[in-house]
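Here's a quick briefing to keep beside you while you look over the model. Have the sequence and the 3D view open together.

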Amino acid sequence: MRTRMIAVAFDCHRPETLAAFWRAALGYGTVERWTDEDGTGYVEVKEAGQPSLLFQPVPEDKTVKNRVHLDLAPAELDQRGEVARLEALGATVVEEDTAGPWIVLADPEGNEFCVLPAR
């Protein structure tokens, strides 16, 4: 029997803010919120047929480069247009590597992700 991935989890300071960014970035339609017994609040964004993204609060800051990141490809715009759209949502360009086809961005809490050309 295989294990099924249910979500990609993000440690963050502001779960609501980061969930709103990724929901808009990916066009996800559903948001769920819950609180554990200890009072910790979580936000999950979902879209049918896609992995869920879970945002969980942590006190520490992000201090190093991500070891795992998301690769995105635009569905409607070209790569530059998608980067501009994501910047308008709050992302920042971290690196444009001329040797590769990707552009590295960071979400509002500094988590890196890549935007590739449309496929």
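What share of the 119 residues in the protein is buried? The buried ones make up 33% of the chain's residues. Bear in mind that this is a predicted model, so everything below is computed from predicted atoms.

**Fold and overall shape**

- Count the secondary structure elements and you get two helices plus eight strands.
- Read from the N terminus, the order of elements is β-α-β-β-β-β-α-β-β-β.
- The radius of gyration is 15 Å, close to the 14 Å given by the globule rule for 119 residues, so the protein is as compact as a globular protein of that length.
- Boxed along the principal axes, the C-alpha atoms fill roughly 50 × 35 × 30 Å.
- Take the contacts with a separation of 6 or more: 51% of them come from residues 24 or more positions apart.

**Cysteines**

- If you're wondering about disulfides, a search of the whole structure turns up zero.
- Cys12 is in no disulfide, and the nearest cysteine sulfur, the one in Cys114, sits 20 Å away.
- Buried or exposed: which is Cys12? Cys12 counts as buried because its relative accessibility is 1%, and the cut-off for buried is under 20%.
- Cys114 has 9% relative accessibility, so this cysteine counts as buried too.

**Surface and charge**

- The accessible surface of the protein comes to about 7700 Å², and carbon and sulfur atoms account for 51% of that.
- On the charge side, there are 12 positive and 21 negative side chains.
- How far apart are the centres of the positive and negative sets? They lie 5 Å apart.

**A look at Glu37**

- Where does Glu37 sit? You'll find Glu37 in the loop that joins strand E2 (30-35) to strand E3 (41-46).
- Glu37 counts as exposed because its relative accessibility is 83%, and exposed means over 50%.
- Compare Glu37 with Glu112: the two are 75 residues apart in sequence, and their C-alpha atoms are 31 Å apart in space.

Terms used. Residues are numbered from 1 along each chain as its sequence is written. This is a predicted model: local features need pLDDT of at least 70, side-chain atom pairs count only at pLDDT 80 or more; totals for chains, interfaces and linings use all residues. Side-chain values use heavy atoms; hydrogens and water are left out. A disulfide is a pair of cysteine sulfur atoms within 2.5 Å. Buried means under 20% relative accessible area, exposed over 50%, partly exposed in between (1.4 Å probe, protein chains only). Helices (H or I, at least four residues) and strands (E, at least two) are DSSP runs, numbered from the N terminus. The radius of gyration is taken over C-alpha atoms; the globule rule is 2.2 Å times the number of residues to the power 0.38. Contact means heavy atoms within 4.5 Å. Accessible areas come from the Shrake-Rupley method with a 1.4 Å probe; for residues, only the protein chains shown count as cover. Lys and Arg count as positive and Asp and Glu as negative; His and the chain ends are not counted. The place of a charge is taken as NZ of Lys, CZ of Arg, CG of Asp or CD of Glu.
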